[in-house]
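Welcome, and take a moment to look over the sequence and the model before reading on. The notes below go through them topic by topic.

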Amino acid sequence: MNCDETPALVIDRLKGVCSPADEQRLTAHLEGCVACRTEAAATEAIWQRLGAAEVEVPSARLRARFHTALAAHEAKASQPWSERLLASFWPQQPALAASFAVALLLAGVLAGRLLPSPVDAEVAALRDEVRTVGLALLDHQSAAERLLGVEWAGRTTQAPEVVNALLERVQYDSNLSVRLAAVEALRAQMAQPGVSAGLASALGRPEAPLLQVALADALLASGDSMAIDAVRAVLDTDELDPAVREYVETALMGLDAANRQDTEA
Amino acid sequence: MKDTTDSELMRQVRGGRTAALATLFERHHARLYRYCLRMTGQRSAAEDLVQDTFMKMLKYKATFRDDSELVPWMFGIGRNACLAHLRRTADDRHPKHQQDVETLSQEPAEDPRDDDQHEIVRRALQALPVERREVLVLSRYEFKSYEEIAALLDCSVGAVKVRAHRALKQLREIYLDLAGEVPA
């Protein structure tokens, strides 16, 4: 063998994939060639140093973020849990369902009369306090805390300041997971003033293709003509990620086809 | 009982059982994280990229064919995410790298000289051009088989070996320069 073959065989040997025959040839060559022997020794030394670096482990936050995102994805794809829970015990027969509804109504009226008013005031104060804490979470330094804030915001009554805080997360959060979770939380609030426009303004920013897909999806699902126009407009952007372009084009084609069918019907 | 294979789990994800992705995450996220960390030199970026990769696996699940192997497919997605990130941050990568080197040195080794060496190796790896860093990271840490690396990088096995050797040689020079040692 000659010196040109040595580097590849040295790498093979270091990776442990050198055949016995090649190992024998390499050893014989190195014994007789000082230059290759020196080079091989130096290569092995840096290879070993690379391998000696300690093993890094990801933080627990990564797992939490992943599971939050997965849950958001599943929630989007399936029926809300509240509806599933209701369906599991709600009577199927109309007569029974009506009786059940009347019973629930009576129970509600009775409970309302029995509740003393000071408790209402305390509950209202507590709600205000929770809202303050929730808004603070949405502005927290830690992305994991902000995700908790978004989760809270998605479950709570959507006061304007909560919606605005979520839109701010979509627009400016440094963490993609928080931004995606905020989009998901806002999907149920598309009818509120400014939500469509806020999401549309974030759509034109090309630095996060995954976010653009989520935004386009939310805007198209709203059925609002201005929101759909905003999605169409993003196709004019030169630096649009090809995957996003493909997704938007496909979604718009599906929407147009559905509209045509409705018109013909 | 035999564990369900990665490919089977991914086929389940493709079929709509997205919960199976959680099992794949548990099996592979640490390995993918180490790859992203070695490529970017930044812990927070590496975590974002792992998250991004798994969400893209969900989004592009239809591209996982019946004969696909999960790890190369997943690394293909992770690699694209890493390269896109490195392109975006190319202008300010150096300062971020410096900051990250500082944060990576939180747990002292038993021998302080080990800390120094680990840090120099990390800095040397980050100083390599992306293409060389990538082939080195893949061949030193991630894949035993040259064929897998060649498939991932879309080149021949011979090209992988040549690139790996050149990368090692350049890494050695940078390492010696940073360590203030004289080459043998």
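## Two helices meeting in chain A

In chain A, A:Thr6, A:Val10 and A:Leu14 of α1(A) are in contact with A:Cys36, A:Ala40, A:Thr43, A:Glu44 and A:Trp47 of α3(A). Here, contact means that the C-beta atoms of two residues, placed from the backbone, lie within 7 Å. Helices (H or I, at least four residues) and strands (E, at least two) are DSSP runs, numbered from the N terminus.

This is a predicted model, in which local features need pLDDT of at least 70 and side-chain atom pairs count only at pLDDT 80 or more, while totals for chains, interfaces and linings use all residues. Residues are numbered from 1 along each chain as its sequence is written, and chains are lettered from A and ligands numbered from 1 in the order in which they are written.

- By class, the contact of α1(A) with α3(A) has five nonpolar, two polar and one charged residues.
- For these classes, Ala, Val, Leu, Ile, Met, Phe, Trp, Tyr, Cys and Pro count as nonpolar, Asp, Glu, Lys and Arg as charged, and the others, Gly among them, as polar.
- Two packed helices are described by the angle between their axes and the distance between the axes.
- Helix α1 (residues 6-15) of chain A packs on helix α3 (residues 34-52) of chain A at an angle of about 35°, and their axes are 10 Å apart.
- The axes are lines fitted to C-alpha atoms, for helices over the stretch in contact, and angles run from 0 to 180 degrees between N-to-C directions.
- α1(A) and α3(A) make a right-handed crossing; a crossing is right-handed if the near helix is turned clockwise from the far one by less than a right angle, and left-handed if anticlockwise.

**Chain A as a whole**

- Chain A has 14 helices and zero strands.
- Of its 265 residues, 27% count as buried.
- A residue is buried if 20 or more other C-beta atoms lie within 10 Å of its own, exposed if 12 or fewer, and partly exposed in between, with C-beta atoms placed from the backbone.
- Among contacts in chain A between residues at least 6 apart in sequence, 56% join residues at least 24 apart.
- A:Ala75 sits in helix α4 (residues 60-77) of chain A, and A:Ala75 is partly exposed because 14 other C-beta atoms lie within 10 Å.
- A:Ala75 and A:Glu184 are 109 residues apart along the chain, yet their C-alpha atoms are separated by 9.3 Å.

**Chain B as a whole**

- Chain B has nine helices and zero strands.
- Buried residues make up 38% of its 184 residues.
- Among contacts in chain B between residues at least 6 apart in sequence, 63% join residues at least 24 apart.

**Details in chain B**

- In helix α1 (residues 6-14) of chain B, the buried residues are B:Leu9, B:Met10, B:Val13 and B:Arg14.
- Seen down the axis of α1(B), these buried residues fall within an arc of 150°, so they line one face of the helix; the arc is that of the directions from the helix axis to the C-beta atoms.
- The buried residues of α1(B) pack against α2, α3 and α4 (70-88) of chain B.
- B:Asp154 has a positive phi of about 55° although it is not a glycine.
- B:Asp154 lies in the loop between α8 (146-153) and α9 of chain B, and B:Asp154 counts as exposed because it has 8 C-beta neighbours inside 10 Å.

**Where the chains touch**

- The contact takes 34 residues from chain B and 30 residues from chain A.
- On the chain B side, α3(B) gives the most, with nine residues.
- By class, that side of chain B has 16 nonpolar, seven polar and 11 charged residues.
- B:Val50 belongs to helix α3 of chain B and is buried, with 27 other C-beta atoms within 10 Å.
- Leaving aside neighbours within four places in sequence, B:Val50 is in contact with residues including A:Pro58, A:Leu62 and B:His29.

**Confidence**

- The predictor gives the complex an ipTM of 0.81 and a pTM of 0.55.
- Chain B has a mean pLDDT of 84, and 83% of its residues reach 70 or more; pLDDT is the predictor's confidence in each residue, from 0 to 100.
- Over residues 95-110 of chain B the pLDDT is below 50.
- Where pLDDT is low, the predicted coordinates should not be read in detail.
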